[in-house]
Amino acid sequence: MLRVGDTLVPLIFMSDRRYLSNFAGDKTEWTEYMTIGTLSSKIRQMPSTHSIVMVSILPIPIKNRNIPQKRLDEQRQTNREVMNEVLRRLLHLLTFKQNPTTGSGYYNVLCADGNFRHCKPVLAAWLADCPEYSDLHHLKWLVCFWCECPKNKLGDYVHPDKEHPRRNHNLYRTLSNANTKAANAERSSGHVHRGCNVIRHVPCIVSNLPKPDLLHTTQIGMLDHLQKWIFHFMKTHARLDKYNAIWLYVPAYHTLTPKNKSYEEVSQWNGKEMKEMSRYLLGVVTQSLRGGNPAHCPIFNRAIECTPALLEFYMYARYESHDDATLSYMEEALHRFNTFQDVFLLGRVGKKAKAKANTLRTELVKKRKVDGETDAET
């Protein structure tokens with residue numbers, strides 16, 4: 001609750017790992033940046049304004065290979081404690097310990113117009129990708145950072161009335177402070193690592209800090225998956241040559257660059273290429289699946305129905321603002337995508353079967369090696 005004359009300063013943090021060089025191994029850097037939410041987005045996106053500043057560099061631990069699992073778990077716990085200490089030093093002015101009363105936490109700040117204002121800084125958002133959210137919030141990998149969805153149900157469509165319970169970070173803070181056997185078991189059931197997490201001690205709704213990341217989540221996330229599904233689908237139904245030919249001859253039109261490579265010849269897809277690809281993917285898929293055996297028409301129609309569903313969801317997600325109508329359109333498109341996406345599973349091996357095949361392949365290789373050594377000795 002702000003008093004009359006106070007100014008709210010929403011702090012927005014951003015972090016992303018970056019590879020420094022492909023010629024020096026896996027050397028990475030994990031930097032954190034900060035800006036304020038009262039700035040206009042046009043001003044914030046101009047590099048000349050310097051509205052985004054780097055505030056810290058998080059430590060990247062050395063990868064430990066070929067060590068016992070117990071020692072590896074201890075080292076990972078130490079790495080989380082070191083990262084938490086860096087975050088504590090960065091966010092110590094926003095935590096509960098520094099703000100024991102409602103009147104503290106205010107600062108007289110010199111603003112750009114030359115006047116001093118009584119400002120209250122608050123942590124409003126943290127922009128990152130999904131693996132970084134897991135590290136920042138001490139969550140285990142391959143789990144949802146928004147709700148307590150089981151791992152075996154990730155990717156399934158959930159009706160808005162039957163959503164999974166959201167993560168209660170206040171409860172996680174209480175369980176970590178208790179540090180009892182029952183508290184540790186309850187925390188572990190939510191796929192949360194042990195230890196203190198400084199972000200849970202900041203007076204904010206921790207689950208609201210992660211914001212939708214259009215680049216990692218949709219452009220090089222779901223759209224990349226959809227492309228791979230379509231590729232295997234075309235290969236299974238002997239339409240890959242036609243798919244590559246139509247992809248190569250997509251004409252240049254209104255900022256669409258002419259194509260000089262087919263789909264299989266493209267080695268890497270980035271966000272800009274994904275954004276351009278979304279404009280003509282549906283046309284390429286529709287023309288590639290035209291004609292042929294009438295028995296395959298129902299399967300082809302399901303593939304054609306699934307493709308525009310995800311593309312519509314992506315197009316709506318690019319809106320700068322939303323209302324109830326656009327949100328309902330996104331919900332309907334997501335429902336259609338989850339309804340028809342099983343068509344791409346036809347002809348593809350499952351994870352369990354693939355793991356079993358890899359195990360059998362490894363056993364065969366070992367057996368051949370032993371037989372070869374035996375024959376050599378003989």
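## A buried arginine

Arg80 is buried (under 20% relative accessible area, with a 1.4 Å probe and protein chains only) yet has no salt bridge. A salt bridge here is a side-chain nitrogen of Lys or Arg within 4 Å of a carboxyl oxygen of Asp or Glu. The nearest side chain of opposite charge is Asp135, 6.8 Å away. Charge is counted as positive for Lys and Arg and negative for Asp and Glu, leaving out His and the chain ends.

Arg80 sits in helix α2, residues 69-91. Setting aside neighbours within four places in sequence, Arg80 is in contact (heavy atoms within 4.5 Å) with His138 and His193.

## Basis of the model

This is a predicted model: local features need pLDDT of at least 70, side-chain atom pairs count only at pLDDT 80 or more, and totals for chains, interfaces and linings use all residues. Residues are numbered from 1 along each chain as its sequence is written, and side-chain values use heavy atoms, with hydrogens and water left out.

Helices (H or I, at least four residues) and strands (E, at least two) are DSSP runs, numbered from the N terminus.

## A nonpolar surface patch

Leu93, Tyr107 and Val109 make a nonpolar surface patch of about 230 Å². Patch residues have over 30% relative accessible area and no salt bridge; nonpolar side chains (Val, Leu, Ile, Met, Phe, Trp, Tyr) are joined within 5 Å, like charges within 9 Å. Areas come from the Shrake-Rupley method with a 1.4 Å probe; for residues, only the protein chains shown count as cover.

Tyr107 lies in strand β4, residues 107-110. Tyr107 counts as partly exposed because its relative accessibility is 32%, between the buried limit and the exposed one of over 50%.

## Positive phi in two loops

His50 has a phi near 55 degrees, a positive value in a residue other than glycine. His50 is in the loop between α1 (41-44) and β3 (53-58). At 63% relative accessibility, His50 is exposed.

Asn179 also has a positive phi, near 55 degrees. Its loop runs between α4 (169-178) and α5 (181-189). Asn179 is exposed, at 56% relative accessibility.

## Aromatic pairs

The structure holds 15 aromatic pairs. Rings of Phe, Tyr and Trp (its six-membered ring) pair if their centres lie within 6.5 Å; planes under 30 degrees apart are stacked, over 60 edge-to-face, the rest tilted. Tyr316 and Tyr329 form a tilted pair, 5.6 Å centre to centre with 35 degrees between the planes. The pair links helix α10 (residues 297-317) to helix α11 (residues 324-340), its members 13 residues apart. Tyr329 is partly exposed, at 43% relative accessibility.

One aromatic cluster is formed by Phe231, Tyr243, Trp247, Tyr263, Trp269 and Tyr280.
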